[in-house]
Amino acid sequence: MDYFPLFLDLHDQPCLLVGGGEVALRKAHLLLAAGARLTVVAPALCDALAAQRDQGALIHLPRAWQAGDIHGMRLVIAATDDAAVNAEVHARCEAAGILVNVVDDPARCRFVTPAIVDRSPLMIAISSGGNAPVLARLIRARIEAWLPHGYGTLARLAGRLRQRVQARFGNDDRARRRFWEQALDGPAAERALAGDEAGAEAELEATLASGDADALARGAVYLVGAGPGNPDLLTFRALRLMQRADVVLYDNLVSPAIVDLVRRDAERLYVGKKASNHALPQEDINKLLVRLAREGKTVLRLKGGDPFIFGRGGEEIEELAAAGIEFQVVPGITSAAGASCYAGIPLTHRDHAQSVTFVTGHRRGEEIELDWPRLTSPSETIVVYMGVAQAPRICAQLIAHGRAPDTPAAIVEKATLPDQRTLVGTLETLPGLLATSQVKPPALIIIGNVVRLADKLGWRPS
């Protein structure tokens, strides 16, 4: 993190702007909007800044900058076209411990001014650290289009109720947070977004009056599919629930970029689930989910791919249901779908495959328990989850039961991530290809004639 993000309260605080041109004008608008007591030092002002001076919005010192001008200032911005003046302003402020920004000179900025989405009191700031201001503005434009002005209304209403909510729930931070999550994501939000401020306030008042403190104190578990690894493939609901969690339990297959999207102050518990190396046995994970929920926590069980496709999600919710714990399941893009799409290998195709079967390469005891005769049809695609270690045996068994040795086969490593790799061979050559290429999980094996399309349809470099 190149910069520590924060919002400064500059209301009635003395701030200095060195420079009187168009660039200085943009910075003056921001400082005045934030309520600063602004002094501008410049021999002359552009027309718009002069108008602000004439209206009494700022103080103008009509002369060259002097070192003593920074005395007593909270914040200083240098926006002149004289590099020597800008450098001196920076050096004097650094020596005095005053926050300073030299416009268009990141090396001389103790802070940067971000692109801003203003839904006061809700504020969103976007910064590229001075590297790409145009990119920051483009992102701001997208957020502006997406974020209704009604959210500012909702934030103001929440501020009015804050003390009453505090009194209602006391020191129970968890219940208080859940009240706000429910209140701000329901009818009140809909009314605020529609411009009905009075109706939104009435809805919030009703929610506060009827809220069940005991119910808000109860725990719950959310089983959320994290998809194949790329954060862009998460569902909107997954992202919302990731911001509600008190504690998150995540597997080896959940990418660090996705774990980073969980609420910042949530407790993170790694429960492993690597082949033959589980940080916690499944039975212990089940019991842990129940215990955490009974402690009143909102528990996020974050699982790679989809919770119900080789994710053992069914076993977990059986335990939760038996214990009377509230739970929800959020589907995710299963790894087979992510890997096949990003590798350019359709799982079904009118000319190559009329069906697809998902199987797991995990063993029970010493054997892989698969219905081998069922998997020999040349018009069927087979996707093998968790099959890297057992690939030689899987390929041998398929050949032994009648699948042609030259059947195309591919392995997709780190599917959907920037370092995805796709290796293509046949049932006969795939084991050797895996060995020489040192493929490691997470990886998926795709077997069938559809693999022939990888070179033609692949849209990402392997």
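Strand S15 is largely enclosed by the rest of the structure, because six of its six residues are buried, where buried means under 20% relative accessible area, exposed means over 50% and partly exposed lies in between, with a 1.4 Å probe and protein chains only. The model is predicted, so that local features need pLDDT of at least 70 and side-chain atom pairs count only at pLDDT 80 or more, while totals for chains, interfaces and linings use all residues. Residues are numbered from 1 along each chain as its sequence is written, and side-chain values use heavy atoms, with hydrogens and water left out. Helices (H or I, at least four residues) and strands (E, at least two) are DSSP runs, numbered from the N terminus.

- S15 and S16 run antiparallel and are joined by six bridges, and two strands pair if DSSP finds at least two bridges between them; isoleucine 411 stands opposite leucine 423 in S16.
- S15 and S17 also run antiparallel, joined by five bridges, and valine 412 has leucine 444 of S17 as its bridge partner.

**Helices H15 and H16**

- The axes of H15 (residues 391–400) and H16 (residues 430–437) come within 9 Å and cross at roughly 170°, the axes being lines fitted to C-alpha atoms over the stretch in contact, with angles from 0 to 180 degrees between N-to-C directions.
- That angle makes H15 roughly antiparallel to H16, since angles under 35 degrees count as roughly parallel, over 145 as roughly antiparallel, 65 to 115 as roughly perpendicular and the rest as oblique.
- Ala391, Pro392 and Cys395 of H15 meet Leu430, Pro431 and Leu434 of H16 in this contact, where contact means heavy atoms within 4.5 Å.
- Within H16, Leu430, Leu434 and Ser437 are buried.
- The face of H16 turned away from its buried side carries the exposed residues Ala435 and Thr436.

**Helix H14**

- H14 (residues 335–343) is mostly covered, with seven of its nine residues buried, and its cover includes strands S13, S14, S15, S16 and S17 and helix H17.
- Glycine 344, which follows H14, has a positive phi near 70°.
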